[in-house]
Amino acid sequence: MKKQWWKESVVYQIYPKSFMDSDNDGMGDIRGIINKLDYLKELGINIIWICPIYKSPMDDGGYDISDYYTIDEMFGDNADFEELLEKAQALGIKVLMDLVVNHTSDEHDWFEKALKDPSSKYRDYYIFREGVAGQAPNNWRSYFGDSAWEPVPGEENMYYLHAFTKKQPDLNWENQEVREEIYNMINYWLEKGLGGFRIDAILNIKKRIEMGHFTPDGEDGLTFIGHWILNQPGIETWLKELNERTFKLYNSVTVAEAAVPNERLKEYIGPEGFFSMVFDFSYTDIDVPETGEWFKSSNWTWDQMRENIFINQLVTQDNGWGALYLENHDQPRSINKYIPEKDINDTSKKMLATLFMMLRGTPFIYQGQELGMTNIKMETLEDYDDIATHDQYHRAILAGFTDEEAFSAVNRRSRDNSRTPMQWDDSKNSGFSLAEKTWLKVNPNYTEINAGKEKNNPLSLLNYYKQLIELRKDSIYKDVIVYGRFVPIKEANTNVIIYERILDNKRILVAINFTDEKQAVSLDPDYNKFVIGNYTQSNIIMEEIHYLQPYESVILANYEGELK
Ligand code: GLC
């Protein structure tokens, strides 16, 4: 296994609208990030990924870009961003931007020109088709609901394709000029000293367009677009070209938002792969049905969770390198997803942190996860900003859910659960902003859950995360945690998850009890060194019969020494 600095790194994801507001307009900004670099340094992370900050009408939280070269003024300007790069660099922190090249905003100059003049070259930058029998070219459903085809205003029987919202027209990657524009843009940013990119929705760039009416899979008469646009044959040629013309030249780090089928993983993340790593969705999306209709919760179990983690870890290590995450800006808070309400506390939060941070791969911590931030209980639908939330609510109603059921689904799964302002301290608006009104409500539990309070408590989740990060980055266990083989332990007791990480004769073992009851486990006696756990007193090594307390998690090792 080739050693690489980014395999030994821990990444922190920033949702800029909600991280820190320096000019008190109720919205986070780049200067806010600069002001909080010390916090990040102290946490111990060494890469940040910032969600899109380019010029955008913000129909989809900035994933609808109208100018790839300019920072949106709500976040500051290009000079602020360069200052951030420089100051982060001085602290040993690399910066990744979000790369959104499956689509642009409909307010991008290219799209505006394409609409204005059907004979302009920009027409072929996007995907236009004539309708069929007076209707859209086919009955694909966009990922955010409703038809994926939008009629072109002022033109008869003409539509453009959008896999996401209608304000996000898909780019036509078949057109080499489009690809050249994209490569130039990427290199423009890499040239400035960017560490690399998180790459958005990249599996969608190749389309297999078929006209007509397909069997609907929902009450709306439409069908899941993914069958025709996800990971289609031929995509590999463009991904290879993309890598060779950009990332590879700068030795950049890339992490793709791409649920790649196991048999194709090597092409993506192997030694000659298109990307440094891809995210593992197998356990974060465990509660969502395949069609993405999250208002219909899947009835997942922890058995499935363990199975998915084990399989994904094994397949990934056979093929290359993975990216780990429990939360991001598209997910609700992990603690609410995995743990019943009555058991949400610091112990169960630390249990999740241990489970996740010791896996093989580069961990991505999402802002506020290190504090144990939770979902927010919004009161009305209008409180939600996220476009996908409104769509899922309406689809739920269409599917026959009552208003109450639809709203409760939204409360559980809305992407806004993780987009609420960062909870810095217990002052006004959680120390995020002095504005009268923040762009999205602050979670009222900020007086209890906030960075200021946790910083001063040695037993807080924040300090626990710091220890886990230090174990990975700077301890006698570093090599085994980063490069060790992942070995699942199939226990007789199915109420626990146990795995080992092994490098030569160095071994660590991670044991997790995900239930609210004490669980007996049998452990190899070689594991006689207690590294860290979420109970102040663990009996795991001392006792004859080993048992784990409710939600207990421990890391044990077969060797010791000074921690560093
Ligand atoms: C990705 C982003 C998500 C966005 C979508 C469309 O899934 O993570 O936030 O809505 O792409 O760009």
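1. Domain bounds, as used in this note, come from an automatic or database domain assignment. On that basis the protein is divided into domain 1 (11-100 + 176-206 + 233-384 + 411-462), domain 2 (109-161) and domain 3 (485-557), and the centres of domain 1 and domain 2, taken over C-alpha atoms, are separated by 31 Å.

2. This is a predicted model, in which local features need pLDDT of at least 70 and side-chain atom pairs count only at pLDDT 80 or more, whereas totals for chains, interfaces and linings use all residues. Residues are numbered from 1 along each chain as its sequence is written, and side-chain values use heavy atoms, with hydrogens and water left out.

3. Contact (heavy atoms within 4.5 Å) links 8 residues of domain 1 with 7 residues of domain 2. Between them the two domains bury about 670 Å², 53% of it on carbon and sulfur atoms, where buried area is the accessible area (1.4 Å probe) that two parts lose on being put together, summed over both. Of the area that domain 1 buries against domain 2, E177, V178 and E181 supply 54%, more than any other three residues.

4. For salt bridges (a side-chain nitrogen of Lys or Arg within 4 Å of a carboxyl oxygen of Asp or Glu), the rule finds 1 across the interface of domain 1 and domain 2. E177 also forms a salt bridge with K121, in which the closest N and O atoms are 2.6 Å apart.

5. Helix 5 (residues 176-191) gives the largest share of the side of domain 1 that touches domain 2, namely 3 residues; helices here are DSSP runs (H or I, at least four residues), numbered from the N terminus.

Conventions. Helix = DSSP H or I, 4+ residues; strand = E, 2+ residues; numbered from the N terminus.
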